[in-house]
Amino acid sequence: MMNPKTSQSIAWVALSFITFVVMGALLFLVLYCVVHGWNSLNMAFVFGPTTKGGLLAPIVGTIYLIFMTLLFVIPLGVGAAIYLSEYAPVNGITHFIRYALSSLAGIPSIIFGLFGVALFVTLIGHASILAGALTMACLSLPFMVTATEEALKGVPKSWREASLGLGATKWETTWFVVLPSALPGIITGIILCMGRVVAETAPLLATAGFSPFVPTSPFDGARTLALHLFYLATEAPSTGTVTRYDLISQAMGIAVILILIIVLMNGLIRLFSNLYSRRFLKQGV
Amino acid sequence: MNKKTIEQTMKWVLLGTAFVSLLILVGIIYFIFDNGFLAFMENGLWNFLFGQKWSLADNTFGALPLIIGSIYVTVGSILVAAPVSIAIAVFMTNIAPHFLREIVRPCIDLLVGIPSVVYGLIGMVFLVPLIREHLGPPGYSLLAAITVLILMTIPTIVSVSEDTLRAVPTKYKEASLALGATKWQTIWHVILPAAKSGIISAVILGVGRAIGEAMAIYMVIGNSFSIPKSLIDPSRTLTSNIVGQIEEAALGSTHIHALFGCGIILLLFVFVFNSISFTLSKKGVQA
C-alpha cells in the first residue's frame, strides 16, 4: 500500500501534466490556424466577389441564412418554452414534447441534412436559402427552447403572483411581466442559434445550394462561410493560376473569421448571463 | 376581442408551437425510414448491412465497411478522449487555483464552439502531413480521423463533466476531509463515485458527437471504401459517405435511398446511446 501523500503527489503531477499538455496542444493548433490564416485576410479577399476568390457571397449568405433561421426559430422556440414553463400540465403530451426536444438535441446534424433534402428541398423544388433555413431551424429549435425555458424558470414566482393578484390574466402576466424579465436569457438562446448557423455545415451541404453569387431572394442558393471553407479545402483548384496552397490559405483565413465570430458570441453570452444574474441579485429575490 | 378569447387562443397557439418539436422528430424518423427502407428492399437487408460493395455502376450498395469505419473512429477516439477529459475536469474543479479556472473555462467554451470544418482543416494541414511523413502514406487515414475526433470531443466531455463534478455537494467533500482522507483520496473515493452517472452521460454525449460527426472526418479520413487493416489506412464512415455523395445523388434514385439507409443505421446507434444516457440520468436523480 502506497503512502497516501505519495499517491496524492503522483496524481497531482499526472493530472496537471495531462491538463497542460492537452489544453496546450489544442490552443496551439487553434493559434497555428489563426497565425497562418491572418496573412490571407485583406479587404480584397474578404469583400471581393466570390467568383474571383473573395468572400462577399458567403458573408451575405451567412447573414441571410441567420436571419431566415431566426425568423422561424424565435417564435416557435419562445412559444414552446412559454408553454412548457407556464402552461404545461404534467401529462403524457408534455412528457412526449420534452422527450422529443431532448432527442432532437442528440440527433447528428447530417441526419437533419438528409431530412431537409427529403422534405424541404423536395417541397420547394431546389436547394435554396429557405430550405437551408428551415433545416437549421429544426436543428436549433431545442437549443432555443432550453435557453428560453431556463430564463423563464429564473423569473421569481412572486412576480407572477403579484401580477395575477392585480387582476391580470395569465397571458397578460406572461407577456408583460415574465417575458421582459427573461429577455437576457432569450437573447442568449438567439445567440446560440446564430452560432449553430455559423458553425454547422452538414445540414446545409445539400439544402442551401452552393451558389457563389450574392443571394437576393430566399429562393436563391447560397453558401455560408463554413461551407465555403469546406469547398476550398476539399475541391481541386479549377483555374490554372490558383494552386492548392492558395486555396488552403484562403480556407485558413475563413477559419480565423469563424473563430473570431465564436469568440465574440461567447463573450456576448457571458455578458448577458452576468447581467441576468446580477439583476435578480440586486432585487434581492 | 375579449380577454377570455385571447387567453384561450394564446393557450392553443402556445401548445401548437410546443407541438412543432414533436412533429419534427416524427418527421425526421418518417422521412429517414421511408427512404431508407427502400434501400433495404432494393439491396436486401442482409446485403445492405453486410455487403462490401458500394457501386453506382452496378447499383449495388453494401454498407459493412462504413459501419466498421464508424465504429472504429468512435471507439478509438473515445478510448483516449474519455479518460483525458475526466482528468482535465477533475483538475479544473478540485485542484486548479481559481485564476487558472478563469482562464481555462473560456478556452474550453471556445473549443466547444469552433466549427467542425475548422477542426477538419487543422487536421488536413497539420495532422495529415505529420502522419504521411512519419508513419507512411497516404496520411489521410483512420488515425487522422481518430485524432481530429479526440480534439473535438475533449472540450465537450470536459465541459459537461466539469458541471457534474461541481454539482457534487460540498458536504460530501468536507465529511471525507474531516475523517482524515487526503484530497486525492476524497476525489477518488468520494467525489468521482458521487458524480459517476453524470460523467458517464458526458462520455455518452462525446460518443454521440463522435459517431455523428461528418465534415471533419470527411476532410481527413481519405474516403476509400474498404475495411481498414491498420490505423494508417484510409477508410470511410457512415457520415462521411453521406457527405461525399449527397450532392450528386438524384432524388428518388437507388443511390440516395442507400444514403438514407446509412442514416437509419446512424439513427439506431444514436437512439441506443441516448436511451443509455436517459436511463443513467434517471438513476442519478434517485441516488
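**Close-up views of a predicted model**

**View 1. Thr169(A) sits in the loop between α7 (157–165) and α8 (170–181) of chain A.** This is a predicted model. Here Thr169(A) comes out as buried, with a relative accessibility of 19%, since the cut-off for buried is under 20%.

**View 2. Lys170(A) lies over the face of Tyr87(A).** The distance to the ring centre is 5.2 Å.

**View 3. Arg196(A) puts its charged end over the ring of Phe143(A).** Here the gap to the ring centre is 4.8 Å.

**View 4. Phe37(B) and Phe40(B) make an aromatic pair within one helix.** Searching the whole structure turns up 18 aromatic pairs over all chains. In this one, the ring centres are 5.6 Å apart and the planes meet at 85 degrees, so the pair counts as edge-to-face. Both residues belong to helix α1 (residues 3–43) of chain B, where they are three residues apart, or about one turn of the helix.

**View 5. Four aromatic residues from chains A and B join up in a cluster.** Phe115(A) and Phe120(A) come from chain A, Tyr30(B) and Phe31(B) from chain B, and ring pairs link them together.

Note on methods:
Residues are numbered from 1 along each chain as its sequence is written. Chains are lettered from A and ligands numbered from 1 in the order in which they are written. This is a predicted model: local features need pLDDT of at least 70, side-chain atom pairs count only at pLDDT 80 or more; totals for chains, interfaces and linings use all residues. Side-chain values use heavy atoms; hydrogens and water are left out. Rings of Phe, Tyr and Trp (its six-membered ring) pair if their centres lie within 6.5 Å; planes under 30 degrees apart count as stacked, over 60 as edge-to-face and the rest as tilted. Helices (H or I, at least four residues) and strands (E, at least two) are DSSP runs, numbered from the N terminus. A charge sits over a ring if NZ of Lys or CZ of Arg is within 6 Å of the ring centre and within 35 degrees of the ring normal. Buried means under 20% relative accessible area, exposed over 50%, partly exposed in between (1.4 Å probe, protein chains only).
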